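Trainee: Hi! Could you walk me through this one, starting with how you use your words?
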Amino acid sequence: MPNDHGHTHIDPKSGDRRVSIAIWANGLLTVAQIVGGLLSGSLALIADALHNLSDMASLVIAFAARKIARRPADETMTFGYGRIEIVAALINYTTLILVGLYLIYEGGMRMISPPEVGGWTVVILGGVALAVDTLTALLTWSMQKGSVNIRALFLHNLSDALASVAVIVAGAVIILYDMRWVDPATTIGIALYVLYMAFTEIGGPIRTLMLGSPPDIDNNAVVNAIRAVDGVVDIHHAHLWQMQEHAAALDTHVVVEQEAWGRLHDIKRAIKQVLEEEFGIAHSTLEFEREDQAHRGAGLYGHGAKRKEQTQ
């Protein structure tokens, strides 16, 4: 059921420490890779460094978002600050896309005229990068199951680890066969994978920020469950959205039978119980209308009138 996500809950302070360690590790690695890439002439190494730099920025954003998200609701943010983690995830995925496009451009230019590349420097720093990327992925593995923000970071680190493997292989091929074109080709391969990961995952944060309905809840099932409550005739003007990543909400008008108007409190309680127990929707705002005085021609979703196909 949607209200049983199976998340692993980690103490916030412990989670913050993990992210802090990952920030420092990626920062030091980025500096080492950029210096090594410049000395060896390896674009693949610099590409991996830029990817790690974007990871470090993502980690900083995620760290700040985690802190802000724990603030209680106030008069400025009446729903609380939890959505900041969705914003952070969107920023991180957008950064991945920009980095991927840049690396494809640079890799294409170097394919035309491959420069000299120091293979051993590439292999050594690629190995160090793989160790750091693996460490960061392990630090965020259990945390990413319950947070789209941390999941964005985890996918960053996972793609980094795979990119580091590709960099090591490229360095070995250069050492053994002096195939310099392998370096920019590896860069393009890394970039394509980065773009694939980003475009695959970015839809979730966009949907949430656009107030889209939760993807793990069947809207029709929710509507039918409310309609099945004794005394309910129909509903309209329904809005189903996510206040935060794991907090779904419903706002709707409920049309009640004229004879059942006297037991409105019982009907309301029954609807809220169904919503929470069957769909995990703990926050609902219900406006009731008596059948003989109900809004006519109202659409099921949104604020408008019924669409033509709903009335035919």
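Mentor: Happy to: buried means under 20% relative accessible area, exposed means over 50%, and partly exposed is in between (1.4 Å probe, protein chains only). This is a predicted model, so local features need pLDDT of at least 70 and side-chain atom pairs count only at pLDDT 80 or more, while totals for chains, interfaces and linings use all residues. Residues are numbered from 1 along each chain as its sequence is written, and side-chain values use heavy atoms, with hydrogens and water left out.

Trainee: Thanks! Is His-237 buried or exposed?
Mentor: His-237 counts as buried because its relative accessibility is 7%. This residue is found in strand E1, and its phi is near 50°, a positive value in a residue other than glycine.

Trainee: Let's zoom out. How many helices and strands does the chain have?
Mentor: The chain comes to 10 helices and 3 strands. Helices (H or I, at least four residues) and strands (E, at least two) are DSSP runs, numbered from the N terminus. From that end, the order is α-α-α-α-α-α-α-α-β-β-α-β-α.

Trainee: And how much of the chain is buried?
Mentor: Of its 312 residues, 46% count as buried.

Trainee: What does Ile-281 touch?
Mentor: Leaving aside neighbours within four places in sequence, Ile-281 is in contact (heavy atoms within 4.5 Å) with several residues, among them Ile-217, Val-222, Leu-240 and Leu-275.

Trainee: Back to H9, then. Which of its residues are buried?
Mentor: Ile-267, Ile-271, Val-274, Leu-275 and Phe-279. They lie on the same side of H9, because they cover an arc of only 95° around the axis. That arc is taken from the directions from the helix axis to the C-beta atoms. These buried residues pack against helix H8 (219–227), E1, strand E2 (247–256) and strand E3 (283–290).

Trainee: What's on the face turned away from the buried side?
Mentor: That face of H9 carries the exposed residues His-265, Arg-269 and Glu-277.

Trainee: How does the span of H9 compare with what it should be?
Mentor: The 16 residues of helix H9 (residues 264–279) should span 22 Å at 1.5 Å a residue, and the end C-alpha atoms are 22 Å apart, which agrees. The expected span is 1.5 Å times one less than the number of residues. Just after H9, Gly-280 takes a positive phi of about 70°.

Trainee: New topic: how many aromatic pairs are there?
Mentor: A search of the whole structure finds 1. Phe-79 and Trp-241 form an edge-to-face pair, 6.4 Å centre to centre with 90° between the planes. Rings of Phe, Tyr and Trp (its six-membered ring) pair if their centres lie within 6.5 Å; planes under 30 degrees apart count as stacked, over 60 as edge-to-face and the rest as tilted.

Trainee: Where do those two sit in the chain?
Mentor: Phe-79 is in the loop between helix H2 (43–69) and helix H3 (84–112), and Trp-241 is in strand E1 (residues 232–244), 162 residues apart. Trp-241 is buried, at 15% relative accessible area, whereas Phe-79 is partly exposed at 47%.

Trainee: Last one: where is Val-255?
Mentor: Val-255 is in strand E2, and it is buried, with a relative accessible area of 7%. Val-255 and Glu-289 are 34 residues apart in sequence, with their C-alpha atoms 4.8 Å apart in space.
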